Amino acid sequence: MAKAPKSIFVCAECGATSTRWVGRCPECEAWNSMEETAPIAPERQVGAPPAPKSPAVRFRDLSVSDYLRSETGMCELDRVLGGGLVAGSVVLISGEPGIGKSTLLLQIGAKLCSERRVLYVSGEESGGQLRLRYNRLGVEGDELYLLTETNTDAILGECRRISPDVIIIDSVQTLWSERFSSAPGSVTQVKEGALSFISYAKTVGAAVFLVGHVNKEGGISGPKMLEHMVDVVLCFEGERTHAYRIIRAAKNRYGSTNEIGVFEMGDRGLREIPNPSEVLLAERPRNVSGSCAGCVLEGSRPLVTEIQALASKSVYASPKRTSDGFDSNRLSLLLAVLERRLGLRFSENDVYLNIAGGMRLDEPAADLAVALALISGITDKLLPDSLIAFGELGLAGEVRAVSQAEYRVKEAVRLGFTEILLPKRSLTRHLKVPEGVRLIGVSSIYEALPLLAPRSGES
Ligand code: TYD
Ligand code: MG
């Protein structure tokens, strides 16, 4: 008698498999993450190999008609998608609860429904709740449908009936099907649910948005493998206490992953911010120490923001370092460089660093402005309000060249800065500035020190 097929156990965190249940994953050492999945199918009878769905074709004979993009009507989103929504693509939007995923998707639906049929599937909110949000957002088109359902097969049945061009699944973690024995929310259910929509999207050419919640470690909770299956992964970031929200592409089969989209959460949903620098600088205080404007590149777009630093005498045995929007290891490194090279006593002070507006600066080009804000903060000397700085700082205190200096200079000039501090090596003949704007090339942090002036009345 043939043996019954055996179940396998898959880790929800890393996807490792085991033939028996274990309390702790042998690969990633996560506790209680092993879940039972469908039995392994008995080996196929050897015979004629199955025919492929379609035979191999030459690359140059491939048609590109099914690769058409269409704009969503939200420029900030189109930018991250690489120029618009591709028909037949599957986009995963991940983010922490309450960040605004459902709001964004209902707004996308609201924009698209004047020209295309959109089905919004909600497994988390009731029709009444969604209607309230719908009223707040002011939807214009008619072709926006709502389905409150979590059964994958029932949703697919409804999709076949009304043939939407765009399907929004909020959220993928609520999907389940009777075809699988595991509980709703388990790896198998979520993975199979996502696979059903991926195959539906590819077959009929509909675009699908999947919402994925992120757990506290930052992974898309449960199946990390969703990221491999979809075409585009967008991360929705931002502090819930700040109004600004940023969409970043973590993966994009149809475009670059460097671009970001900036939004502001208001009482009528998310508003696009096409010129984030202006908004970020709007509340900049004048004549205060510990403040410096910096410029980083986010994809093709330069972003100017204010960096604020405060140093105060520490009462702790090991002084505090608090950093908001800037990598704390990088901050420690910059503090060590400034202490060692300039003799500033940061080790006796608590240091607080903040990037205005809740932005995150990951590019090393922010180093010079962060260092100047720190120096100004600890010495209580002022930097001119008209000054902006960008450049990477090395361990010897040298200022290293950064890419695309001309874009950064252009943005700084547009925003009215008249003194631009930049790495000497980035100061090329191609950099053109209008009269009245001064480019100051420096090769080390020492050369930037004369720009700091004592407060008026002090010497
Ligand atoms: P939501 O989109 O439900 O977040 P998610 O789906 O990511 O869990 O809502 C995010 C928050 O935004 C919620 O706390 C309420 C707030 N909000 C506004 O401030 N203005 C609005 O117009 C809407 C619709 C929501
Ligand atoms: Mg939601």
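This is a predicted model: local features need pLDDT of at least 70, side-chain atom pairs count only at pLDDT 80 or more; totals for chains, interfaces and linings use all residues.
Residues are numbered from 1 along each chain as its sequence is written, chains are lettered from A and ligands numbered from 1 in the order in which they are written, and side-chain values use heavy atoms, with hydrogens and water left out.

**View 1. Helix α9, residues 367-379, is mostly covered.** Helices (H or I, at least four residues) and strands (E, at least two) are DSSP runs, numbered from the N terminus. The end C-alpha atoms of α9 are 18 Å apart, in agreement with the 18 Å that its 13 residues should span at 1.5 Å a residue; the expected span is 1.5 Å times one less than the number of residues. Of these 13 residues, 11 are buried (under 20% relative accessible area; exposed is over 50%, partly exposed in between, with a 1.4 Å probe and protein chains only). Among them are Asp367, Leu368, Ser376 and Gly377. Just after the helix, look for Asp380, with its positive phi of about 60°.

**View 2. Thr72 sits in the loop between β4 (69-70) and α1 (75-81).** Thr72 counts as buried because its relative accessibility is 2%. Its side chain makes a polar contact of 2.7 Å with the side chain of Asp78, and a polar atom of the Thr72 side chain lies 3.2 Å from the backbone nitrogen of Met74. A polar contact is a pair of N or O atoms within 3.5 Å; within protein, one must be able to donate a hydrogen and the other to accept it, and residues adjacent in sequence count only if both atoms are side-chain atoms. Beyond its neighbours within four places in sequence, Thr72 is in contact (heavy atoms within 4.5 Å) with residues including Leu85, Lys111 and Leu112.

**View 3. Cys113 is a buried cysteine.** Its relative accessible area is 2%. The whole structure has 0 disulfides (pairs of cysteine sulfur atoms within 2.5 Å).

**View 4. Three strands form an open sheet in the order β2-β1-β3.** The pairing is antiparallel. β2 (17-18) and β3 (34-37) are at the edges, each with a single partner strand, so one side of each has no neighbour in the sheet. Strands pair if DSSP finds at least two bridges between them; β1 (residues 8-11) and β2 have 2 bridges. Val10 has Thr17 in β2 as its bridge partner.
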